[in-house]
Amino acid sequence: MTSVQCVQQELEAEAIHILTRAAQAATREGSLQDFAGFVARVLASTAANVGGLQRLHPGPPETPAARQVYALLCGTVGDDLGEWLPHRTQPVIISLNVAQVVEGGLHPDLLGLAAAIDRVAERCTRGEGPSTLVAGQAAIDAVVAWYRDEYRSYADRFVVAAEAAGMERGLRVGVHVTADTNPFSAWSSKTALTNPRDGSADQVAYTLWELAHDATRPPHVALAGAPTADASPRSKGSDHGST
Amino acid sequence: MTATRRDDTDLYTDTITMLTQAATRHHADGTTPDFADFLTQVLAATAANVGGPDRLVAGRPGSWEAGHLDELLRGTMGNDRADWLWFRTEPVTVSLNVAELIEDDLTHPGLMGLDEALESLGRQYESAAVADLHAWDSDIEDVTARYTTEYLLYADRFTAAACGYARQLPGLTVRIELKADTNPNNAWWTATAVTNPTANSSDPLSLQIWQAAHDATPLPNVDIWPGPPTTSTPVRS
């Protein structure tokens with residue numbers, strides 16, 4: 001027997017044990033009496049925890065048993081997020097990589113930190129920026145500090161928006177955002193914390209991420225088409241930032 | 001919140017956690033196992049553990065949830081009770097209270113419990129012209145010892161009969177656990193006592209095995225009523 005089979009059997013044994021306890025409770029007077037209703041409710045919550053009906057039941061049900069399971073699910077919750085989100089019992093974990101938001105193609109008008117630094121360096125080379133090495137480094141340090149502040153600030157706004165999006169749609173459990181706000185983040189590497197994609201393991205996390213993203217003003221960083229100055233927009237102003 | 005409600009909440013949470021775990025696990029090749037198949041097997045085993053699909057939908061038999069659950073279970077387990085045994089995963093607990101068996105008028109109205117036997121003995125001595133107190137005491141000890149031994153032996157025979165019957169049930173592979181109270185003075189009518197199963201018991205299989213064992217087991221050698229019993233319900237002091 002493989003370890004995968006073993007885990008599956010253990011899960012099945014544990015599930016039988018718990019449901020048998022529930023069924024025995026259903027026969028006790030004054031306790032849980034509606035076992036079928038109990039099953040329908042726990043299925044709705046299970047579907048909500050894994051990210052919706054499609055996750056539990058990809059594709060149309062083919063066997064008679066699958067049709068009944070599907071019917072039990074559909075009777076309690078529909079396909080609409082607002083219907084099944086209130087059934088969720090496990091917190092929603094959302095990952096956020098701000099560097100990926102800026103550099104990953106969602107906002108082609110924004111410059112990532114590396115590109116912003118390159119632009120400062122180019123200006124120095126062309127004689128438009130600081131004229132000494134020390135002054136040039138100071139200009140780069142200022143850009144880095146500016147990006148760090150903006151990325152942190154963006155993550156804070158994003159958290160508030162994600163929580164609000166969950167609450168608006170009836171979510172009764174917490175929304176936890178795990179954020180990488182490092183502007184140097186190597187978000188394209190395999191081990192990096194990355195933003196969820198459509199088809200991710202938890203569709204709720206993806207949906208709330210999108211809603212929070214849409215509701216959150218992007219980081220106030222350098223624009224792709226505009227020249228980058230040697231300091232943050234707080235001191236230099238006009239040629240930085242996004243809308 | 002009452003203890004029962006809290007228990008139910010725990011059950012709800014535990015069940016969701018377990019099913020969520022089952023729904024999110026993956027095979028070694030990255031594919032996801034069929035959740036509907038998993039759930040069907042789990043529910044069939046649950047139904048078998050408590051005595052069949054009827055028991056699971058008895059709370060609200062007409063509801064739409066009950067309709068789907070019933071169809072799901074019958075489609076998997078069939079309608080024949082004998083087939084349900086294959087799905088059972090939990091041991092069958094058979095409880096036996098020998099004093100209840102003897103003293104409950106519904107089972108064996110002609111048999112005397114220990115108290116009744118001692119009262120009967122007392123009446124014999126009280127009606128004698130001169131009561132021999134030593135002989136009376138000795139008889140009380142003898143009767144009590146006989147009841148104690150007979151109840152123990154009966155429980156042994158009953159256990160053997162129950163296990164023998166269960167072994168012959170096709171598909172039943174789980175353990176049979178016998179919980180016996182052989183104390184002839186036990187208060188079997190109290191809420192906390194081990195009692196013999198009834199039709200309203202939670203597990204019909206336990207009742208079926210109990211009845212088969214009872215029918216196959218010679219009764220303990222206890223006193224019998226000379227005529228009809230004096231009371232319909234035994235009264236304990």
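Tutor: In chain A, the centres of domain 1 and domain 2, taken over C-alpha atoms, are 39 Å apart. These domains cover 3-80 and 92-215, with bounds from an automatic or database domain assignment. The model is predicted: local features need pLDDT of at least 70 and side-chain atom pairs pLDDT 80 or more, while totals for chains, interfaces and linings use all residues. Residues are numbered from 1 along each chain as its sequence is written, chains are lettered from A and ligands numbered from 1 in the order in which they are written.

Chain B is divided into domain 1 (3-87) and domain 2 (92-216), whose centres are 37 Å apart over C-alpha atoms. Six residues of domain 1 of chain B are in contact (C-beta atoms, placed from the backbone, within 7 Å) with eight residues of domain 2 of chain B.

Between the chains, the contact takes 50 residues from chain B and 47 residues from chain A. On the chain B side, α1 (3-24), α2 (35-50), α3 (53-57) and α4 (64-77) each give two or more residues; helices are DSSP runs (H or I, at least four residues) numbered from the N terminus. The largest share of that side, 16 residues, comes from α1(B).

Buried residues of α4(B) are B:E65, B:A66, B:H68, B:L69, B:L72, B:L73, B:T76 and B:M77. Buried means that 20 or more other C-beta atoms, placed from the backbone, lie within 10 Å of a residue's own. Seen down the axis, the buried residues of α4(B) fall within an arc of 165°, so they line one face of the helix; the arc is that of the directions from the helix axis to the C-beta atoms.

After α4(B) comes B:G78, with a positive phi near 80°.

In chain A, A:A47 touches A:G52, A:L53, A:R55, A:L56, A:L73, A:V77 and A:W84, leaving aside residues up to four places away in sequence.

Technical notes: Two residues are in contact if their C-beta atoms, placed from the backbone, lie within 7 Å. A residue is buried if 20 or more other C-beta atoms lie within 10 Å of its own, exposed if 12 or fewer, and partly exposed in between; C-beta atoms are placed from the backbone.
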